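User: Could you walk me through this structure and say what each label rests on? I would like the values set beside the definitions.

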Amino acid sequence: MSGTSQGGLPGLPPPKPIPLKDRASLVFVEHARLDVLDGAFVAVNADGTRTQIPVGGLAGIMLEPGARISHAAVALAARVGTLITWVGEGGVRLYSAGQPGGARADRLLWQAKIALDDAARLRVVRKMYAMRFGEDAPQRRSIDQLRGIEGVRVRESYALLAQQYGVGWSRRKYDPKDWEAGDVPNRCLSAATACLHGLSEAAVLAAGYAPAIGFLHSGKPLSFVYDIADLFKLDTVVPEAFRIAGQAAKGRLEMSPDRAVRLACRDAFRRTGLLGRIIPAIEEVLSAGELPRPEPPVEAMPVAFEGGQSGDAGHRG
Amino acid sequence: MMVVVVSNAPPRLRGRLAAWLVELRAGVYVGDYSARTREMIWNQVLAGIETGDAVMVWKVPTDQGYEFLTAGRNRRMPVDFDGLKLVNFLPETPC
């Protein structure tokens, strides 16, 4: 493979990341060979048909079973700051990489400091509650108690939406190991949250924070991603999931429910301007911790090349 | 905002398109019209394209932000890629 496939044409500088708010959300790829041809990210079929995918214009690419990706393609995705996630059936996450960690440590240190300070962490959790439900959290509650109150409110919202769209609903129930085991509304919800989690992960990484350091959620590789996704879940993907489940129940669906949910979620992301709101929301949540941002370390080297950071703070520009 | 690109189109159609759109480069027309006018222009393209081929692209409020239609055969054909409308580039085939 020649050097040109690494993303740079002779005479053209390598492509840089663009801000998340300017991108489309996610695309799911199955049964294709992903490679780089002439510097572009392409899916190649067995018969030689090529489809160029505008990788830098997406927040993330979800690779489904049957997708194969080359070294050059992963390198190009990393260079343009696009998250690559390997997913199983229905978009259940298996592994993800392509854009790991942040470009600098100051945001990670700030996030860790807030998470380790009990009072600051509670302030962040209360802020997330207020953003989520549009009212302040009840006074003098611990994080565990707030988690319980949120759970009840979410269950009530699910029941209300199910009733509104005429969906038979018992409870949230899913098995990541057995996709077919869930009923249609639960599968719709799983597909919808998988989209939102993929997008939130891309946003958390692009903003320069660690997915594992959560505040309400903790102890999972994507704790902070779940925290951020929950801020938007009830007003973006959950209504779409129940709407599609309602259409499926009436037999008015021309495609599989999870695919219909994904398409509906993507349009909802654009309609609600989610990609533009999600990184400011992350900053707003963390600012509620009321801890000062760390100063850049004194030994930090000055920028070697002027020209500014491209993309978001977490992108390696 | 809408863009129409034609190749191998008869001069009659190219003149007709230039009645509403500006020809920025050979066969590339742009304008900004309502959905109804856009459909009328596309119907003119379909009626006049003969053996050529054409594509029309315009802005819509979906995730991708734009939508397009094609007419006639070209090595580049539209394909639905998980709801993202992309383009298949077909290998050269002996006719």
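User: Where is A:Thr49 found?

Analyst: A:Thr49 sits in the loop between strand E3 (40-44) and strand E4 (50-52) of chain A. Strands are DSSP E runs of at least two residues, helices are H or I runs of at least four, and both are numbered from the N terminus. A word on the basis: this is a predicted model, in which local features need pLDDT of at least 70 and side-chain atom pairs count only at pLDDT 80 or more, while totals for chains, interfaces and linings use all residues. Residues are numbered from 1 along each chain as its sequence is written, chains are lettered from A and ligands numbered from 1 in the order in which they are written, and side-chain values use heavy atoms, with hydrogens and water left out.

User: Why is A:Thr49 called buried?

Analyst: Buried means under 20% relative accessible area, exposed means over 50%, and partly exposed lies in between (1.4 Å probe, protein chains only). A:Thr49 has a relative accessible area of 3%, so A:Thr49 is buried.

User: Which residues is A:Thr49 in contact with, leaving aside neighbours within four places in sequence?

Analyst: Contact means heavy atoms within 4.5 Å. On that rule, the partners of A:Thr49 are A:Ala43, A:Val44, B:Asn88, B:Phe89, B:Leu90 and B:Pro91.

User: What joins the side chains of A:Thr49 and A:Asp47?

Analyst: A polar contact of 2.7 Å joins them. The term asks for a pair of N or O atoms within 3.5 Å; within protein, one must be able to donate a hydrogen and the other to accept it, and residues adjacent in sequence count only if both atoms are side-chain atoms. Between chain B and chain A, eleven residue pairs are in polar contact, both residues at pLDDT 80 or more.

User: What makes B:Asp80 and A:Arg259 a salt bridge?

Analyst: The rule wants a side-chain nitrogen of Lys or Arg within 4 Å of a carboxyl oxygen of Asp or Glu. The side chains of B:Asp80 and A:Arg259 meet at 2.6 Å, N to O, so by the definition this is a salt bridge. Five salt bridges are found across the interface of chain B and chain A.

User: How much area is buried between chain B and chain A?

Analyst: About 1,600 Å² is buried there, and carbon and sulfur atoms give 51% of that. Buried area is the accessible area (1.4 Å probe) that two parts lose on being put together, summed over both. In chain B, B:Asp63, B:Phe81 and B:Asp82 lose the most area to chain A, together 45% of what that side buries. The contact takes 17 residues from chain B and 22 residues from chain A.

User: Why does A:Ala115 count as buried?

Analyst: Its relative accessibility is 17%, and the limit is under 20%, so A:Ala115 counts as buried. A:Ala115 is in helix H2 (residues 106-116) of chain A. Beyond neighbours within four places in sequence, A:Ala115 is in contact with A:Arg121, A:Ile213, A:Gly214 and A:Phe215.

User: Why is helix H6 (residues 223-233) of chain A called largely enclosed?

Analyst: Ten of its eleven residues are buried, so helix H6 of chain A is largely enclosed by the rest of the structure. Among the buried ones are A:Phe224, A:Ile228 and A:Leu231. What covers the buried residues of H6(A) includes H2, helix H3 (118-133) and helix H4 (143-164) of chain A.

User: How many of the residues of chain A count as buried?

Analyst: Of its 317 residues, 50% count as buried. The secondary structure of chain A comes to nine helices and eight strands.
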